[in-house]
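Me: I've got a structure open and I'd like to learn how to read it. Can you walk me through it, feature by feature?
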Amino acid sequence: MNENILRTFKVTKRFGGIIALQDVSINVPKESIVMLIGPNGSGKTTLINVISGQYKPDSGKIYVYDKDITGLSPHKIYKMGISRTFQIPLPFRKLTVLENLLVVARNVEGEKITSSLFKRKKWIKDEEELAEKAMEILEIINLDHLWDNEAGNLSGGQMKLLEIGRALMSDPEIILMDEPVAGVNPKLANEIMEHVLALRDEYSISFLIVEHRLDIVLKYVDIVYAMHNGRVIAVDSPDKIISHPAVAAAYLGG
Ligand SMILES: Nc1ncnc2c1ncn2[C@@H]1O[C@H](COP(=O)(O)OP(=O)(O)O)[C@@H](O)[C@H]1O
Ligand SMILES: [Mg+2]
C-alpha cells in the first residue's frame, strides 16, 4: 500500500460530557479514497472538523505525511494541501459559478492592497491566471457551461460539484468530504463519484469521504472505517465492511 498522506492517532474529542471521538486512529494512503460510515452521532463530522482544524482534539495526534499538524489553525492546515467540502453547500448564491471559485482563491492569497502600477499589472495577471485555472477546474467537473450562472440557481447536485470545484482551487493533496452525495439524485450522485475517481487517478488526489448513501458510494472506495459512539469499530474493504457483526449491530441498534 502507498504511504499515508493523512493519519490520525488516538484522537479524542469531548464536548462537555459527550465523547464525540475516542482514540480514533485512521490512515489515508496516498491516492486512495477512504470512507467513513456509521450511524448518526458516531463522530464522523467531528473527525473531519478535527482534521481540518475547526476543532482542536483533547488528545491524540494528526499527521500529514510525517508532519504533526495537531492544533494548527484551519488556514494553516488548508495551506498544507488539505481541503474540505461541507455537508450543506454554502455557495455565494448571488455570485456566478466562476466567481465562487475565484473568491476561494482570493481568500487563499489574502487581499493585496497596493497602489503602484507595476503591482496593479501583476494583480491583473494573477487574476487572469486564476480565472483560467478556475475555468479548467469547471471543465474537469463539467460545470464549465454554467460558468456565468448565479450559483443560487444551480441544482442541489450541481452545488455539490461546485463545492468540489472550490476545494480544488487550492491544489489540494487530499479532500475531506462530508456527505458529498446526500440529497442528490442517483444519476448525479454516481457522476459526482466518477469525478472523485478521476481526480484520484488523473490528479493523484486522495479523499476522506463521510457518506450515508452506502448503496452509491461503497463501490467507489478503497477502504472503509466504520464508527459508532465515537470509536472505530471496524476497518475493511468495501465489500466486507458490512458483514462485520459490530457494524451490522451499530446500524440495527441505531
Ligand atoms: N459543536 C458541538 N457541540 C456539542 N456537541 C457536538 C458538537 N459537534 C458534535 N457534537 C456531538 O458529538 C457527537 C458526534 O457528532 P457528529 O460528529 O456530528 O456525528 P456524525 O457526523 O457521525 O453524525 C454527537 O453526539 C453530537 O451531538
Ligand atoms: Mg455528520
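Reply: A backbone N or O atom of Ser42 lies 3.1 Å from an oxygen atom of ligand 1. That is a polar contact, meaning a pair of N or O atoms within 3.5 Å; within protein, one must be able to donate a hydrogen and the other to accept it, and residues adjacent in sequence count only if both atoms are side-chain atoms. Keep in mind that this is a predicted model, where local features need pLDDT of at least 70, side-chain atom pairs count only at pLDDT 80 or more, and totals for chains, interfaces and linings use all residues. Residues are numbered from 1 along each chain as its sequence is written, chains are lettered from A and ligands numbered from 1 in the order in which they are written, and side-chain values use heavy atoms, with hydrogens and water left out.

Me: Which side chains have a polar atom placed by an oxygen atom of ligand 1?
Reply: Thr45 has a polar side-chain atom 2.9 Å from a ligand oxygen, and for Thr46 the distance is 2.6 Å. The residues around ligand 1 (a heavy atom within 4 Å of it) also include Phe15, Ile18, Pro39, Lys44 and Tyr55.

Me: How do I read a salt bridge, and how many does the structure hold?
Reply: Look for a side-chain nitrogen of Lys or Arg within 4 Å of a carboxyl oxygen of Asp or Glu. The structure holds seven. One of them joins Lys30 to Glu173, with the closest N and O atoms 3.6 Å apart. Lys30 is in the loop between β2 (18–29) and β3 (33–37), and Glu173 in the loop between α5 (156–168) and β7 (174–178), so the pair ties together parts 143 residues apart in sequence. Those helices (H or I, at least four residues) and strands (E, at least two) are DSSP runs, numbered from the N terminus.

Me: What does Lys56 touch beyond its sequence neighbours?
Reply: Contact means heavy atoms within 4.5 Å. Leaving aside neighbours within four places in sequence, Lys56 is in contact with Lys13 and Gly71. A polar atom of the Lys56 side chain lies 3.1 Å from the backbone oxygen of Gly71. You'll find Lys56 in the loop between α1 (44–51) and β4 (59–64).

Me: And how do I read the domain interface?
Reply: The size of an interface is often given as the accessible area lost when the parts come together. The domain assignment, automatic or from a database, gives domain 1 (4–91 + 172–253) and domain 2 (92–153). About 680 Å² is buried between domain 1 and domain 2, counting accessible area (1.4 Å probe) lost on being put together, summed over both parts. Tyr78, Pro91 and His195 supply 64% of what domain 1 buries against domain 2.

Me: How many salt bridges and polar contacts cross the interface of domain 1 and domain 2?
Reply: The rule finds zero salt bridges there, but two residue pairs are in polar contact.

Terms used:
Buried area = accessible area lost by both parts, 1.4 Å probe.
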